[in-house]
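Please have the viewer open beside you.

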Amino acid sequence: MLSVKELQVSVGEIEILKGISLELPAGETHVIMGPNGSGKSTLAHALVGTPGFSVTAGETWLGKTELLALEPEERANHGLALAYQNPPAIPGVAVHQLLRLARQNRDSLLGLPQLPLGLFLKELRAALSLVGLPPETIERAVHDGMSGGERKRLELAQLMVLKPECIILDEIDSGLDVDGLRLVGEAVGEMRRSNPSLCVLVITHYDRLLEVLPPDRVHVLQAGHIVRSGDASLAREIQKHGYR
Amino acid sequence: MATASYTPPPYQYGFADPELYQARTQPGLTEEVVREISGLKDEPVWMLEQRLRALKTFQEKPVPSWGADLSAINFDDITYFLRAHDSAERSWDEVPEKIKETFERIGVPQAEREYLAGSGAQYDSESVYHNLSEEWKVRGVIFCDLDTALREHSELVQRYFGTLVPAADNTFAALNSAVWSGGSFVYVPEGVHVTMPLQAYFRINAQKAGQFERTLIIVESGANVHYVEGCSAPSYSAGSLHAAVVEVFAAPGARVRYTTVQNWSDNVYNLVTKRARAQAGATVEWVDCNLGSCVTMKYPAVQLVGEGAHAEVLSLALAGPGQHQDAGSKIHHLAPNTTSTVTSKSVSFGGGRSSYRGLVVGNRASKGMRSRVVCDALLIDGVSRSDTYPTIDIAQPDSTVEHEASVSAIAEAQLSYLRSRGLTEAEAASLVVHGFLEPVVKQLPMEFAIEMNRLIELQMEGSVG
Ligand SMILES: Nc1ncnc2c1ncn2[C@@H]1O[C@H](COP(=O)(O)OP(=O)(O)O)[C@@H](O)[C@H]1O
Ligand SMILES: [Mg+2]
């Protein structure tokens, strides 16, 4: 389970998150909605430990692990994974290179034996196929020259290969077509099947994503505070009436 | 913002042999020293005279101040000539044990057996080994050190030596012309395609030593060759000076590729003049990879003097703590429809500094010329530096010249993305750097690409979060 307590986050001198609390029990899907600039991505970055997002107060727990004391890579190896809203392109670095290393580090923290290359590639191809990317993608440079939709699909495939405990999907629906949206549902469903205790934190503006990812709770983030929480009907209400 | 911090990279070739030499000049540069070098080599008079003129030129010229900081070089402190061994052997067995061991640690003889047409090894001032496989000898190819060439092929040497890089060209060309020793001589007769690379390896062993090799490559019409050079030196605290001159002559339709993997220890000043002349339809390629040295100033040049000649420069630089790689290229379009492509990639990390200095010239004769220069710089952290100094000087209205320089972006977003996938900071930096340099590295023959990746890896190692 993911547990965020009174989290305050600043970027530079500016405080963006002003005390956020969130309990995401194992196996549940929670949604964060909120207007542009309300701090949704800031929350995601603070959780994964992106340099420059300084946590000034609060706690974040993944299961029994307090994340804030850990380096970003240690958090990832503990099973936290973010699908970026705007992932950077990494020219010359093939998808399989990145994921092979990432998976090795994750497995070694879990005390698992190293996955033989053949099996790893098989898993990677299966994940790519599930998100609708061709098998050649494993040789492509990470996000380099990819369209917005392809990037979102690749983010999703990466999460699948990393066998996470908790995933954060930051506007995974932006840039995706209807088929893409459906595949998000299938990919998350697949991750859930292999890990029933998976925590899913979805950041979105639109309830159309929630049709494929039915949420257990919906939280509304506004100006750095969670101003409302409720069930799926809250998302529909916001979609209809906006954030007021 | 958090920045990656780096400890100095481990240098694999930093070991040194005891300094036992059969001959060495007194430190410092005088007319006597020049005469002594020439005398030890038993040279023809014209060469001695040329050396003495070059010495005068050197003494008159100031040390350049427009580029990297050279103020710490003490020319009186340097030993200009060191002879470890009498002759350039043709078989490894005859090379003295200690020197052989050194080159074996570097991997020179293995490489020759596996994928080279020939190889040479220079230890301080002179070549200790040179060999060309029989297959190429019978076809008239010559590959030896330049001292040997001066004895055995003196007309060829006299005809070309210093015609492309005269002593007066610049301070370090003058210095080299005065005290040059060793270097390679390559001659490829008309129409001969040397399909495997020729390699020369340069090693500085002595402290405060200068290495002044001089390389002359002559490729006749329609012939082609790929020449590769590597180098290294011990990690002494006192610096050494490497000031080489390379002249390449490509006859009509010839193709020459010259690949350098520069891996001096980070106490070596590397100040090299490289120039090629390409006649009609010839292609000259410089693949210039600068990983080592404390300061490098090197701008491989091509004079495109014949119609349709083509120049290609791939420049790769890695500047770590305490290093300044001031590299680039100079292309002179002096004939119609000549073309050139320059690709420069530099990486700065841990406070390192890299500069691209480029010149593209087109004169009245260069109607229809085309040139494209692309410079990309990668900064791994906020304490490193990268600069671009392009000069374009075209007197030809019918010309196409493109220059693209990517704003040197700090790789911060890429690094933090990779770390959030579970990669350590060092793994992330290494991946980003390899990926960035990949377009250049993949131009190298496979064996050299592997070697290059290994060297980059070593250079980046020891980076800690
Ligand atoms: N790296 C940054 N530097 C400066 N300001 C930032 C940075 N990232 C986010 N912000 C600011 O923080 C606020 C919240 O941004 P963000 O978390 O991206 O919002 P959301 O994802 O909800 O649209 C905005 O005002 C944004 O301008
Ligand atoms: Mg956002």
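What we have here is a predicted model, in which local features need pLDDT of at least 70 and side-chain atom pairs count only at pLDDT 80 or more, while totals for chains, interfaces and linings use all residues. Residues are numbered from 1 along each chain as its sequence is written, chains are lettered from A and ligands numbered from 1 in the order in which they are written, and side-chain values use heavy atoms, with hydrogens and water left out.

Let me start with the interface. Taking contact to mean heavy atoms within 4.5 Å, 31 residues of chain A are in contact with 20 residues of chain B. The size of an interface is often given as the accessible area lost when the parts come together. Here the area buried between chain A and chain B is about 2000 Å², with carbon and sulfur atoms giving 63% of it; that area is what the two parts lose on being put together, with a 1.4 Å probe, summed over both.

How many salt bridges are there between chain A and chain B? The count is three, where a salt bridge is a side-chain nitrogen of Lys or Arg within 4 Å of a carboxyl oxygen of Asp or Glu. A salt bridge joins the side chains of A:Glu155 and B:Arg421, at 2.7 Å from N to O. Across the interface of chain A and chain B, the rule also finds twelve residue pairs in polar contact, both residues being at pLDDT 80 or more. A polar contact is a pair of N or O atoms within 3.5 Å; within protein, one must be able to donate a hydrogen and the other to accept it, and residues adjacent in sequence count only if both atoms are side-chain atoms.

On the side of chain A that touches chain B, the elements giving two or more residues include helix H3 (95-109) and helix H5 (148-161) of chain A; helices (H or I, at least four residues) and strands (E, at least two) are DSSP runs, numbered from the N terminus. The largest share of that side, five residues, comes from H3(A).

Now to H5(A), which has 14 residues and reaches 20 Å from its first C-alpha to its last, close to the 20 Å expected at 1.5 Å a residue, the expected span being 1.5 Å times one less than the number of residues. Eleven of the 14 residues of H5(A) are buried, so this helix is largely enclosed by the rest of the structure; buried means under 20% relative accessible area, exposed over 50%, and partly exposed in between, with a 1.4 Å probe and protein chains only. Among the buried residues of H5(A) are A:Arg153 and A:Glu155. A:Arg153 has a relative accessible area of 14%, and, not counting residues up to four places away in sequence, A:Arg153 touches residues including A:Val131, A:Leu176 and A:Asp177.

Just after H5(A), A:Lys163 takes a positive phi of about 50°. A:Lys163 is also linked with A:Arg103, A:Asp107 and A:Glu123 in a network of salt bridges.

Over all chains, a search of the whole structure finds 35 salt bridges. In chain B, the side chains of B:Lys41 and B:Glu126 meet in a salt bridge at 2.9 Å, N to O. This pair links distant parts of the chain, with B:Lys41 in helix H1 (residues 31-41) of chain B and B:Glu126 in strand E5 (residues 126-132) of chain B, 85 residues apart. Both B:Lys41 and B:Glu126 are buried.

Is B:His85 buried or exposed? At 12% relative accessibility, B:His85 counts as buried.

By comparison, B:Glu101 and B:Lys98 meet through their side chains in a salt bridge at 3.4 Å, N to O. Being three residues apart in helix H3 of chain B, B:Glu101 and B:Lys98 are separated by about one helical turn. B:Glu101 counts as partly exposed at 39% relative accessibility, and B:Lys98 is partly exposed, with a relative accessible area of 39%.

Finally, the backbone angles. Most residues other than glycine have a negative phi. Phi of A:Glu6, however, is near 45°, and A:Glu6 is found in strand E1 (residues 2-11) of chain A. Phi of B:Asp124 is near 50°, and B:Asp124, at 1% relative accessibility, counts as buried.
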